[in-house]
Amino acid sequence: MSSTAARSRLRFNPKLFAVAVLASLVLGALLGWIAKQTGAEWLVTTLDTIGSTFTKLLSFTVLPLIFTAIVVGINSLRGLGGGRTAARLGGKTALWFALTSLIAVVIGLVVGGLFQPGRGLVIEPDPEKLQSIGQKTQGSWLDLLNGLVPENLISAFADGETLQVVFVSLIIGAATYSLGDKAKPFVDFNKAAFEVIQRVLGWIIRLAPIGTLGLIGNAVATYGNEFFAPLLKLIGSTYVACLLVLFAVYPLLLALVARVSPARFFAKTWTVLQFAFVSRSSGATLPMTRQAAQNLGVPSSYANFAVPLASTTKMDGCAAIYPAVGSMFIANLFGIHLGPVQYLTIIAVAVFGSIATAGVTGWFTMLTLTVGALGFPPEVVATGIAIAYAVDPIMDMMRTATNVAGQIVVPVVVARSENVLDDEVLSAPSAPPLLESRAPATV
């Protein structure tokens with residue numbers, strides 16, 4: 001090891017990073033509790049500033065990451081055998097997206113049925129939150145289709161429309177693939193841009209312990225126990241369902257279908273899942289997710305395509321589990337009976353509507369899309385979501401970790417089914433993605 005690499009490893013230790021993040025969770029909660037009990041507004045403001053700054057740093061990298069990763073990823077498929085192979089891989093990927101979403105939403109319904117979140121709960125929503133929820137655009141199939149195509153390329157990025165950016169990326173990626181060598185300079189530029197953004201994000205990721213302290217501290221200081229205790233069943237249902245998918249469904253798929261040790265999977269992805277948990281952003285976790293898939297033996301040419309697509313459309317936590325649990329919560333809250341037809345509707349929306357979860361407001365789009373399909377009155381939907389919104393950051397942590405785990409599992413399963421999973425890479429030790437001292441792997 002060179003002296004430069006040795007000094008870099010001394011300056012940054014991935015194991016210490018993991019401990020620092022966990023310590024920040026505890027310290028942030030403690031500071032938030034102190035701020036809540038003492039009424040120290042300066043501390044609340046400080047925690048909020050730290051957390052929001054960290055979130056902004058992550059957010060500004062998301063759309064450029066998605067665009068460059070998808071464009072490069074589509075062109076990477078050329079190395080897997082041409083158009084037919086690419087189409088088959090794309091079809092298998094979409095099929096596994098749907099299948100795992102089906103399993104996740106059924107688990108969400110079963111857990112929701114056992115916990116019955118919202119039943120017997122009497123609580124008034126915050127008027128400001130109720131007003132802000134009412135001003136949001138609720139999800140619908142028509143709005144999804146209308147909002148798919150941007151008026152122009154600049155507006156999609158400027159307005160932060162993730163789904164539109166994904167659509168544009170797929171079109172441009174397909175065009176560059178068809179042009180071949182003529183589009184090589186453009187593809188090379190996107191490769192370089194992706195590496196630059198990935199390097200910047202690697203620096204931001206190292207601030208995760210500080211950002212975690214601010215995010216958790218502000219959440220505790222803002223909400224405290226006032227809403228947490230009454231909504232404990234909702235939080236518990238979401239966590240239990242996500243944990244079942246994360247530590248039961250995915251390991252079974254890995255062991256039985258992909259023939260990959262679940263222990264090895266979690267050893268190579270734990271840092272990624274930890275960062276997804278504290279950042280609450282699948283998009284910001286994208287480079288780490290992609291590298292983790294490659295560390296598990298997924299060919300880079302396929303990982304570069306599947307993982308970016310999954311980061312915006314494959315969200316078992318937000319698109320399957322939470323709409324099921326959230327719909328049952330709102331129904332119980334207002335005494336609405338759900339029968340077999342309503343449960344089948346929830347399942348259908350989760351399987352066919354997961355693309356609607358793209359973006360940082362994905363859970364809201366998907367939940368309102370689901371309750372809209374169930375025919376809930378708008379005032380019931382707004383009130384129910386405004387109540388649940390108080391503890392949403394707590395639930396979103398586990399939802400995002402579940403999302404990201406699924407975004408890695410599916411490419412591993414598909415790669416094994418195509419006999420392209422590299423067992424030597426899978427068995428070899430690897431440092432946590434974006435946290436090692438060496439330069440990241442090329443795209």
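Predicted model: local features only at pLDDT ≥ 70, side-chain atom pairs only at ≥ 80, totals over all residues.
View 1. Helix α14 is mostly covered, with 13 of its 14 residues buried. The helix covers residues 300-313. From the first C-alpha to the last, α14 reaches 20 Å, close to the 20 Å expected at 1.5 Å a residue.

**View 2. Helix α16, residues 340-352.** The end C-alpha atoms of α16 are 18 Å apart, which agrees with the 18 Å that its 13 residues should span at 1.5 Å a residue. Buried residues in α16 include Ile-346, Ile-347, Val-349, Ala-350 and Val-351.

**View 3. Contact of helix α15 with helix α19.** The axes of α15 (residues 316-333) and α19 (residues 392-417) come within 8 Å and cross at roughly 120°. The two helices are therefore oblique to each other. On the α15 side the contact is made by Asp-316, Gly-317, Cys-318, Ile-321 and Tyr-322. The α19 side contributes Asp-392, Met-395, Asp-396, Arg-399, Thr-402 and Asn-403. Sorted by class, this contact has four nonpolar, three polar and four charged residues.

View 4. Residues 371-391 are 71% helix and 0% strand, with end C-alpha atoms 19 Å apart.

Definitions and conventions: Residues numbered from 1 in each chain as written. Heavy atoms only, no water. Helix = DSSP H or I, 4+ residues; strand = E, 2+ residues; numbered from the N terminus. Axes fitted to C-alpha atoms, helices over the stretch in contact; angles between N-to-C directions. Parallel < 35°, antiparallel > 145°, perpendicular 65-115°, else oblique. Contact = heavy atoms within 4.5 Å. Nonpolar A, V, L, I, M, F, W, Y, C, P; charged D, E, K, R; others polar. Expected span 1.5 Å × (residues − 1). Buried < 20%, exposed > 50% of the residue type's maximum accessible area, 1.4 Å probe, protein only.
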